[in-house]
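Student: I have a model open and would like to read its packing. Where do we begin?

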Amino acid sequence: MKLLILALLTAILILTAAIASLAMEGKETDHILTDNAGSGSSVTLYVQNGLWGIRTNSGRTVTEPRWSDLKVMNDTMLIAKEGTGTRRRYGIIDNKGDALVPYVYSGFTLMEEQDLWVAELAPEDDAQPQYHLYSTEGLLCSMTPWDSCSEENGLLHLTEGSNRYTALHTEQGLQFQSHYSEHSVGLRKLTMELDTNALARLHTAHTATALGDAAAGFLSYLFVTPDTPLDSALIGSENPSSLLVGSRYIGYRLQSAAVSRVTPLSGDGLPAYRMQIQVRYAPADAGNDASRIITTAMVLTVARNGNGDFVYTAFSDIQAELAASAKLRNHTAAQP
């Protein structure tokens, strides 16, 4: 008897669930579309059978339900999730349902204090996700796919490989406050750390990264592969002989290097920059002999050519030049 009663109760529960499901089928739910500032819009979002569509406030259908999710970006744009398939992605559409940004993101998160949407790029296989930043007006803030993006004390903290940035989102876009990057020089590395004032003179933080790569390339020429001349496209016949100094550093090994200052050079031509680099190097056989370590401030000047590459235009090593000058004076004084 108990088994019979249990079976009847189970059947009743199943029947109730089926009736509820049938009652919900075809049910619509309307959502008024407003932007993050709370202003009104001329369209309404609605849900039917689990999919979202758009209609005017007067009831005219703008689009049939075809998205599995819609988020309000502003009063004319929506973040939309594809409605079918097992690997559905997010994109951006206008309030007529037309695609503005392809469906390439696995999620969007609003960062309210910065007025930014953080869009997670769908990773391939087991790759780490990367992120794009969109303003609440739907504008892509930078083409850079960031490895991480967080907010602390009113500032954005962004990473791109070993590069680290802090930035503030303003009406003019991302205003970078600091920049730190590392650039390979054989088994050593060149570091670059710049503050707000230095970055403001460079126009974009990514110029700093490109300059760091250029400086690391020249240090590699000096200390890693001095028997291999620099690419002729980077030297050229118009560059001074001061660049061809690789033989001076044969037998020396780089210990540390850091860009301490970047100065844009004024002129009517292509952008040019002077970099001061604090460098420590020593003879390969110096071991732990601190007295043989050479500490110097190298100065490297580069210019961006028509292809967007940096061309080396001048170089000096203050310590080496002082040593050479002293050697010349001693030699001259020793002459009868």
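Tutor: With the nonpolar core. In soluble globular proteins, nonpolar side chains tend to be buried together. This is a predicted model. Its largest nonpolar core has 50 residues. Leu219, Leu222 and Ile277 have the most contacts inside that core.

Student: Which helix gives the largest share of this core?

Tutor: Helix α3, residues 205–223, with eleven residues.

Student: What does Leu219 touch, beyond four places in sequence?

Tutor: Leu219 touches Val185, Leu190, Val224, Ala257, Ile277, Val279 and Met298.

Student: Now the strands. How do β15 and β16 run, and how many bridges join them?

Tutor: Strand β15 (residues 252–265) and strand β16 (residues 272–283) run antiparallel, joined by twelve bridges. Leu254 stands opposite Tyr281 in β16.

Student: Which strand do ten bridges join to β16?

Tutor: Strand β17, residues 294–304, also antiparallel to β16. Here Ala272 stands opposite Ala303 in β17. Keep one idea in mind when viewing strands: in a regular strand the side chains alternate between the two faces of the sheet.

Student: One more residue. Is Leu199 buried or exposed?

Tutor: Leu199 counts as buried because its relative accessible area is 4%, and the cut-off is under 20%. Leu199 lies in helix α2, residues 196–202.

Student: What surrounds Leu199, beyond four places in sequence?

Tutor: Leu199 touches Phe176, Gln177, Ser178, His179, Leu194, Ala205 and Ala208. Phe176 is 23 residues away along the chain, yet the C-alpha atoms of Leu199 and Phe176 are separated by 7.0 Å.

How values were computed
Residues are numbered from 1 along each chain as its sequence is written. This is a predicted model: local features need pLDDT of at least 70, side-chain atom pairs count only at pLDDT 80 or more; totals for chains, interfaces and linings use all residues. Side-chain values use heavy atoms; hydrogens and water are left out. Helices (H or I, at least four residues) and strands (E, at least two) are DSSP runs, numbered from the N terminus. Buried means under 20% relative accessible area, exposed over 50%, partly exposed in between (1.4 Å probe, protein chains only). Contact means heavy atoms within 4.5 Å. Two strands pair if DSSP finds at least two bridges between them. A nonpolar core is a set of buried Ala, Val, Leu, Ile, Met, Phe, Trp, Tyr and Cys residues joined through side-chain atoms within 4.5 Å.
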